[in-house]
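Dear colleague,

Please find below the structure that I am handing over to you. My notes on what was found in it follow directly after.

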Amino acid sequence: MSCWSCQRETGAAEKCASCGALQPPELTADHFRVLGLPRRFDVDLKAAEARFRELSREIHPDRFATADPRARKFSMQRTVQLNEAWKILKDPIRRAEYLLSLDGWEVGAESGASRPGAGGARERLPVPPVLLGEVLELREELADARAAGDDARVQKLARDVRSRADQAMAKVAAGFATAGSSAERAAALEPVAHELIGIRYWKRFLDEVAVHDEAEEARRDDASKGSARA
Amino acid sequence: MPEALFQISEPGESRVKAPCPPGMTRAIGIDLGTTNSLVASVKDGRPVALVDDDGEAIVPSVVHYAADGATIVGRIARDQLAPRFPRDTIASAKRFVGRGPSDAEAQRKLTPYQFAPAAPGDPVVRFQVAGGRTVTPVEVSAEILRALKERAEAQLGEPLFGAVITVPAYFDDGQRQATRDAGRIAGLEVLRLLNEPTAAALAYGLDKAAQGKDAQGLFAVFDLGGGTFDISILALEKGVFEVKATGGDSALGGDDFDRAIAGHFLQELGLPEDASGDRALARRVLDAARAAKEALTENAATSITIARPDGRETTVSLTRTAMEALVRPVLARCTGPVRRALRDAGLSAAELDGVILVGGATRMPLVRQFVHEQFGREPLSDIDPDQVVALGAAVQADVLTGGTGHGDVVLLDVVPLSLGLEMMGGVVERLIHRNSTIPCGATQTFTTYADNQTGFDLHVVQGERELVDDCRSLARFKLGGVPPMPAGMARLDVTFVVDADGILRVSAREETTGLESSVSVKPTYGLTDEEVERMLLDSYAHAEDDVQLRQLAEQRVEAERILQAARAAMAASPELLADDDRTRIDAAIEKLQVAKAGQDHGAIRVAIEGLDVASKDFAGRRMNRALEEGLRGRTVGAVEAEVEKSEAAGDLASRLERAGHAGHSHR
């Protein structure tokens with residue numbers, strides 16, 4: 001690659017080794033590559049965050065506000081790319097789904113998951129009926145507890161679901177660790193996809209608990225104000 | 001977009017301003033507040049507020065419109081003219097910026113202002129002032145900005161290069177656009193809109209660093225101003241100021257305390273709570289409330305004399321305890337946003353390293369006590385809550401213009417409210433979630449709902465609610481010309497890009513035809529381009545020569561660019577030129593050359609548009625041919641490249657996003 005600004009060889013760095021001009025981003029780079037991380041589930045988040053900040057400092061549009069229009073454009077593109085990469089990788093669920101997507105999988109709660117099958121067809125991996133049954137039951141319990149104004153029961157359910165989500169996440173991590181790059185990778189990823197379908201449901205459940213918590217806190221505030229006035 | 005076609009010769013060129021010309025290195029930071037405004041600049045590596053002859057840094061955000069057409073900004077307007085001419089003296093214009101006549105703010109009963117009757121479909125609030133004029137909040141803001149600009153020019157003794165203007169972090173896209181428009185109308189080159197709490201954190205962090213103290217870690221900025229409330233959680237580390245989450249209420253501030261107190265006074269006086277529409281009384285009571293509130297910061301009790309409509313004066317007294325009882329319910333509205341911001345940042349209050357107070361309202365003992373309760377710690381108060389935002393803005397202006405004083409500082413800010421599109425059934429599909437680090441982008445693919453649907457109506461909204469009706473409508477645009485196909489066959493890629501100002505740009509592209517459309521989002525609640533243009537022209541009537549000259553220089557540069565591009569396009573595709581085309585375009589080129597040699601930038605602008613119109617058909621044919629060639633069997637990639645070149649080249653990240661899209665197919 002030669003530099004757009006000085007026409008000399010640039011190498012792979014974001015800035016030209018000769019003239020320092022910011023180089024165009026590699027548009028097809030995956031998120032791991034953007035952050036200079038190995039493509040695997042296990043990520044050192046502290047180091048990755050430090051890298052994110054360091055790169056931001058290098059390429060942020062603010063640093064190019066008075067630069068050549070092309071450098072400005074590259075800075076904008078690179079920063080959009082970097083922010084997207086960090087958003088996905090810092091979150092274990094998104095990171096896991098993204099890693100699966102790099103292998104051609106798709107994970108969505110309602111539709112289960114799918115992977116590329118023979119002859120370009122997609123092979124579906126439905127939501128396990130047992131999981132659906134559990135989810136339905138837990139959601140009913142949550143609705144009952146909320147209707148009864150039983151915050152303690154809501155919190156107990158939340159703890160239960162949180163621990164299910166944590167266990168599932170541990171299995172995801174283990175699954176990725178053992179999948180390797182072997183021919184059996186596709187088979188090894190199947191349980192990972194299953195766990196991720198479950199995690200989506202657990203996450204939605206916990207989001208609902210968060211809505212409950214917010215309402216509960218507001219209610220308590222009102223109550224304490226009322227008693228202060230009285 | 002015919003003009004864009006001419007840019008084929010220089011695809012990489014964006015339409016942003018040329019680098020700062022020599023001699024014009026002065027950049028300023030402006031805190032455009034609801035109640036007060038300030039301007040600051042970096043001198044010898046440190047930000048300082050610019051003061052007037054009396055040593056006063058604060059300019060009250062009050063504008064008086066006199067019957068003879070003159071405008072008066074600041075202290076005199078607030079102290080002397082507002083009581084006498086309440087209708088013609090606008091304070092707190094910021095609360096109306098980017099809002100519509102049906103917004104709650106314009107519907108208040110207790111108001112000193114007279115709103116012009118809203119024409120059907122007019123999305124903008126207008127104040128009726130002296131001399132039969134109506135002014136928009138954007139114009140009022142522009143007057144304040146102009147006063148600050150004049151102060152800066154007088155003190156810095158040289159023409160300004162540009163300004164960073166701060167906005168509440170919780171301002172939506174419409175309010176941001178309106179603030180940007182105000183800057184333009186004031187003749188300022190707006191380098192950046194910066195979020196107020198972020199500006200405060202920047203000034204605070206750098207100030208600590210300059211004192212050799214450590215200001216690293218996690219901080220909350222609690223910013224309660226005259227009209228807006230922001231809460232931001234930031235991580236400060238080695239020159240990187242990273243906003244983790246932000247929240248707030250862009251219609252909550254010290255003004256609302258005044259209203260609560262004013263309501264109490266009216267009750268004491270035995271007068272109706274809307275002051276029976278008596279504007280002068282409304283102004284007097286609101287001023288009395290503010291004075292009482294300020295007196296009670298120091299004292300436990302105060303009394304204040306208010307003139308009734310019949311001229312009789314009544315003295316009312318108020319204790320701090322009674323005032324706090326009035327204010328507390330208003331203040332309690334801060335609780336939800338604080339909690340949500342902490343939750344979004346994934347933090348508890350105990351994990352913070354400090355809480356920074358910003359905004360005049362944080363002077364009140366009750367507010368400090370409230371912050372203490374919320375965060376379980378004593379807030380940091382070793383900074384001037386009035387100045388810190390302007391100082392931070394000055395630092396950022398210095399950074400953006402290549403100032404060397406603050407070397408490695410970079411701000412990573414976020415989108416305050418989610419951005420999305422209306423789907424069938426009036427639900428919102430979010431493309432960009434709140435608290436995403438900017439600049440950022442997202443692409444999502446949509447398809448047709450009905451058979452033979454030939455277009456898409458795109459409705460862009462902002463907010464956290466699930467239904468479109470509960471969100472803020474930002475813009476609508478159409479992409480037509482889709483060939484009839486069965487439902488679900490057309491594929492529309494919609495790309496949202498939020499730039500470093502937090503302003504959204506949307507582009508859409510239909511896959512099978514390569515049709516494109518792109519808009520800088522013009523807020524539904526904003527001024528039209530024509531209005532801004534007219535205000536710009538109006539403002540030139542009063543503006544100084546340097547503004548004229550810069551405008552002229554800019555238009556000449558633009559004219560030259562268009563001329564070159566037009567000639568290049570004609571040379572490249574002579575076979576597409578009909579005879580009358582050539583005559584028309586040549587005549588337009590001639591006109592533009594004449595205008596360019598003159599002194600009237602407005603005339604140049606008109607001539608540029610003339611050339612644009614004259615070459616429209618030709619440009620259309622070039623576009624069609626590019627498409628036809630594609631359909632005749634060139635690779636899809638080549639067509640895309642062609643069309644891409646033809647879109648506004650400044651459309652920065654759409655290509656990046658499109659490329660990235662393939663990798664996101666799991667969505």
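**The sheet in chain B**

Strand 14 (residues 240–249) of chain B and strand 18 of chain B run parallel and are joined by three bridges. Across this pairing, B:Phe241 stands opposite B:Leu411, which belongs to strand 18 of chain B. Please note that the model is predicted.

Both strands belong to an open sheet of five strands in chain B, with the order 17-12-13-14-18 and mixed pairing. The edges are held by strand 17 (354–358) and strand 18 (410–412) of chain B; each has a single partner strand, so one side of each is left without a neighbour in the sheet. On average, neighbouring strands of this sheet are turned by 25 degrees against each other, direction ignored.

A helix also packs on this sheet: helix 9 (residues 335–345) of chain B touches strand 13 (229–237) and strand 14 of chain B. The direction of helix 9 of chain B makes about 145 degrees with that of strand 14 of chain B.

**A helix pair in chain B**

How do helix 5 and helix 11 of chain B cross, and at what angle? The axes of helix 5 (residues 196–210) and helix 11 (residues 388–400) of chain B come within 7 Å and cross at roughly 80 degrees. This value lies in the range of 65 to 115 degrees, which means that helix 5 of chain B is roughly perpendicular to helix 11 of chain B.

From helix 5 of chain B, the residues in contact are B:Glu196, B:Ala199, B:Ala200, B:Leu202, B:Ala203, B:Tyr204 and B:Leu206. They meet B:Val388, B:Val389, B:Leu391, B:Gly392, B:Ala393, B:Val395 and B:Gln396 in helix 11 of chain B. Sorted by class, this contact of helix 5 with helix 11 of chain B has eleven nonpolar, two polar and one charged residues.

**Chain A as a whole**

Chain A has seven helices and three strands. Read from the N terminus on, its elements run α-α-α-α-β-β-β-α-α-α. For its 230 residues the globule rule gives 17 Å, whereas the radius of gyration of chain A is 24 Å, well over that value, so chain A is more spread out than a compact globule.

Taken along the principal axes, the C-alpha atoms of chain A fill a box of roughly 70 × 60 × 30 Å. Of the 230 residues in chain A, 30% are buried. Among the contacts in chain A with a separation of 6 or more, 50% are between residues 24 or more positions apart.

With kind regards

How values were computed
Residues are numbered from 1 along each chain as its sequence is written. Chains are lettered from A and ligands numbered from 1 in the order in which they are written. This is a predicted model: local features need pLDDT of at least 70, side-chain atom pairs count only at pLDDT 80 or more; totals for chains, interfaces and linings use all residues. Axes are lines fitted to C-alpha atoms, for helices over the stretch in contact, and angles run from 0 to 180 degrees between N-to-C directions. Helices (H or I, at least four residues) and strands (E, at least two) are DSSP runs, numbered from the N terminus. Angles under 35 degrees count as roughly parallel, over 145 as roughly antiparallel, 65 to 115 as roughly perpendicular and the rest as oblique. Two residues are in contact if their C-beta atoms, placed from the backbone, lie within 7 Å. Ala, Val, Leu, Ile, Met, Phe, Trp, Tyr, Cys and Pro count as nonpolar, Asp, Glu, Lys and Arg as charged, and the others, Gly among them, as polar. The radius of gyration is taken over C-alpha atoms; the globule rule is 2.2 Å times the number of residues to the power 0.38. A residue is buried if 20 or more other C-beta atoms lie within 10 Å of its own, exposed if 12 or fewer, and partly exposed in between; C-beta atoms are placed from the backbone. Two strands pair if DSSP finds at least two bridges between them.
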